[in-house]
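Subject: Structure handover and notes

Hello,

Please find the structure below. My notes follow it, with the criteria given where each term first comes up.

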Amino acid sequence: MADVEDYGTLHTADILVVSGGMSGLVTAIRAKENDPSLDILVVDKGVIGWNGQATKAGNGIRATSKHPNGVQHALAYLVNAHTPFLNDQEFLRDYLVVHRDNLDYMRHCGVITSCDDDGKAAPLPFIPDALDMGGVSLDVCKQLRDFALKLGIRLMSRVNVFELLTSASKKVIGAIGFDADHMECMVFHAKAVAMATQGCHFKKIGLEFMGYGTGVGAMYRVGAIMRNVEFSTQVDVVFKKTNTPIYGGFNMIRNKHGENLTQKYIGHLEWEVTPALVDAMVKEVALGNGPLWVDLEKPDEVREMIGGTDMDESTQRMFRDKLAWEELVFKKTAMNLGDIGTKPETTIKTVLQVEPVKVDAGIRTDVEGLWAPGKVSTQGNAYFGWTRGDGLGNASTTGMMAGDSIAPYAAAAEWDDLQLDQIAECKEKIYAPLNRPNGCSPKVIYDTIERYIFDVNKSVLKSEDAIQDVFGDIKRMKEIVPRLTADDPHTLARCLEAADTILCLEMIYRSAEMRTESRGIMYPHFRKDYPEPDNAHWLKWINIRQGEDGEMELFTEDIPMWRYPVRPQGYRIPDGHVDEFDPETFFAEGEAE
């Protein structure tokens with residue numbers, strides 16, 4: 001009779017955390033501190049402590065202001081400023097309550113952050129009485145790793161996970177993948193699983209980090225719902241030679257005539273890279289007014305605040321290790337391409353960044369036994385969390401929230417039996433690309449997708465024609481997937497990652513086709529053929545799930561604005577609903593939870 005270990009090496013834990021970046025480690029730490037008796041295992045395809053986005057971030061970490069009305073003020077700002085009115089405001093309220101304490105908790109975990117003379121976390125106001133911003137060491141994951149090991153959390157590096165395992169009742173009870181060095185099959189059995197795998201990042205090769213959507217794909221295939229995937233374009237302004245962000249310099253861009261684009265098109269300083277600025281840059285180049293450049297000799301207040309270096313390191317947003325890294329990039333650029341100077345050329349960097357998993361206030365997905373902390377659920381939980389400087393705040397806060405809810409669940413859960421036929425099927429799928437005759441390289445897929453990074457009309461300024469062109473590319477790429485071939489662990493992983501990358505790309509454009517309006521700032525959804533927001537018809541979430549036939553199903557969900565405090569001007573409660581918002585209890589409920 002077959003046994004699990006006939007298919008691969010078996011590892012068990014009360015809680016399995018897939019990915020040992022910042023959100024995964026915080027989830028594990030918080031769960032272990034909630035219940036020290038739990039056996040917690042963290043696995044990662046890289047080396048835990050030196051892997052993940054946090055090790056390459058901009059040193060910025062946000063926290064909700066500790067002003068008595070900080071949660072209310074932050075909620076109002078975020079709902080209006082980033083993807084207006086599409087936030088789940090009940091989730092956002094609960095998130096912001098925990099987010100208020102994330103710097104203090106990071107220091108508790110041994111992470112070096114901005115601090116005052118007494119060693120207490122000391123962020124600076126970012127949005128007065130709403131959001132604060134502090135600095136954090138680039139070694140944040142190494143510091144969290146050290147703390148996790150002290151608590152007795154088990155860590156396993158160099159393991160690729162590609163599929164989740166479920167019980168007969170469809171509860172998630174484990175995962176399957178392989179050793180990244182020797183390709184040995186690894187089977188994980190757990191009472192609860194947290195997929196802290198980030199999302200899918202379609203970035204120009206060589207940039208800070210890449211994500212291939214394997215966690216998104218695995219969760220989608222077991223029934224998790226995806227939400228807000230159309231809001232997947234991240235836009236930034238970068239030095240043309242280095243392709244690194246001009247921290248805080250986005251209001252300083254000028255055309256060849258010396259005209260400041262913010263003054264010419266917007267009329268006031270922005271605190272984010274907005275769609276209006278991107279549109280202005282595209283227009284100026286189209287008019288022949290390029291090249292565009294930034295005047296570093298005349299920093300404005302936004303540049304001084306976000307990218308300045310004059311403050312004491314204990315309080316500034318960017319620590320010296322980040323500045324040293326950037327200086328190294330500039331030195332290498334100067335050796336090969338010449339010094340960027342003080343008036344360097346600038347350009348737009350676009351990134352398709354899918355973070356779609358829908359979760360509740362405990363960071364639980366719609367599938368029992370499955371959590372999704374970190375940026376993999378940033379859009380899906382309706383927070384749209386990468387608001388400049390808050391990637392790390394999102395990772396720490398969602399990790400805290402997940403740890404608080406997954407610990408009691410795992411403590412009370414019973415062990416469900418693994419299904420051997422499911423393990424056999426998943427293993428066959430994972431190893432299928434090995435040694436296929438006359439196969440194709442996964443590079444074909446990545447070369448196709450990478451073109452979108454250079455095509456503003458597909459990645460930012462979408463139209464029906466552009467969307468249909470992408471669907472044609474997706475169809476052709478899907479036909480290639482069954483012919484992808486590999487003969488080593490690295491290429492095998494690339495084949496599987498390519499398939500999930502295509503899945504994420506399709507999610508973006510299926511949702512973008514459905515949403516016939518434009519909305520959003522940090523993750524904008526632009527339709528050139530529908531250039532304005534449409535609150536009358538599109539105060540809705542677009543959800544995606546895998547149908548019974550295996551195909552993608554899209555369905556909308558009315559945003560329950562009648563329960564929320566922040567509403568669009570002129571909003572009318574639809575028929576069948578009444579005003580359920582109670583100003584005296586709404587924020588008190590968040591505090592109580």
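The notes cover conventions, sheets, a helix pair, a pocket and some backbone details.

This is a predicted model, in which local features need pLDDT of at least 70 and side-chain atom pairs count only at pLDDT 80 or more, while totals for chains, interfaces and linings use all residues. Residues are numbered from 1 along each chain as its sequence is written, and side-chain values use heavy atoms, with hydrogens and water left out.

Sheets

Helices (H or I, at least four residues) and strands (E, at least two) are DSSP runs, numbered from the N terminus. Two strands count as paired if DSSP finds at least two bridges between them.

Seven bridges link β20 (residues 540-546) to β21 in the antiparallel sense, and I544 is placed opposite L554 in β21.

β13 and β16 (residues 346-354) are joined by seven bridges and run antiparallel; V235 stands opposite T350 in β16.

Helix pair

The axes of α1 (residues 22-34) and α11 (residues 391-412) come within 7 Å and cross at roughly 35 degrees. The residues of this contact divide into nine nonpolar, six polar and two charged. In these classes, Ala, Val, Leu, Ile, Met, Phe, Trp, Tyr, Cys and Pro are nonpolar, Asp, Glu, Lys and Arg are charged, and the others, Gly among them, are polar. Residues in contact include V26 and R30 in α1, and G399 and D404 in α11.

Second largest pocket

A pocket is an open set of points on a 1 Å grid over the protein atoms alone, where a 1.4 Å probe fits, with protein on both sides within 12 Å along at least five of seven lines; lining residues have an atom within 4 Å of a point. The second largest pocket is lined by 24 residues, and R221, K429, V481, A499 and D500 lie nearest its centre. Elements giving two or more residues to this lining are β7 (159-166), α6, α12 (420-431) and α16. α16 gives the most, with seven residues. By class the lining has 14 nonpolar, two polar and eight charged residues.

Backbone details

The peptide bond from G290 to P291 is cis, with omega near 0 degrees. P291 is in the loop between α8 (275-286) and β15 (293-294). R158, although not a glycine, has a positive phi of about 65 degrees, and lies in the loop between β6 (154-156) and β7.

Regards

Definitions and conventions: Axes are lines fitted to C-alpha atoms, for helices over the stretch in contact, and angles run from 0 to 180 degrees between N-to-C directions. Contact means heavy atoms within 4.5 Å.
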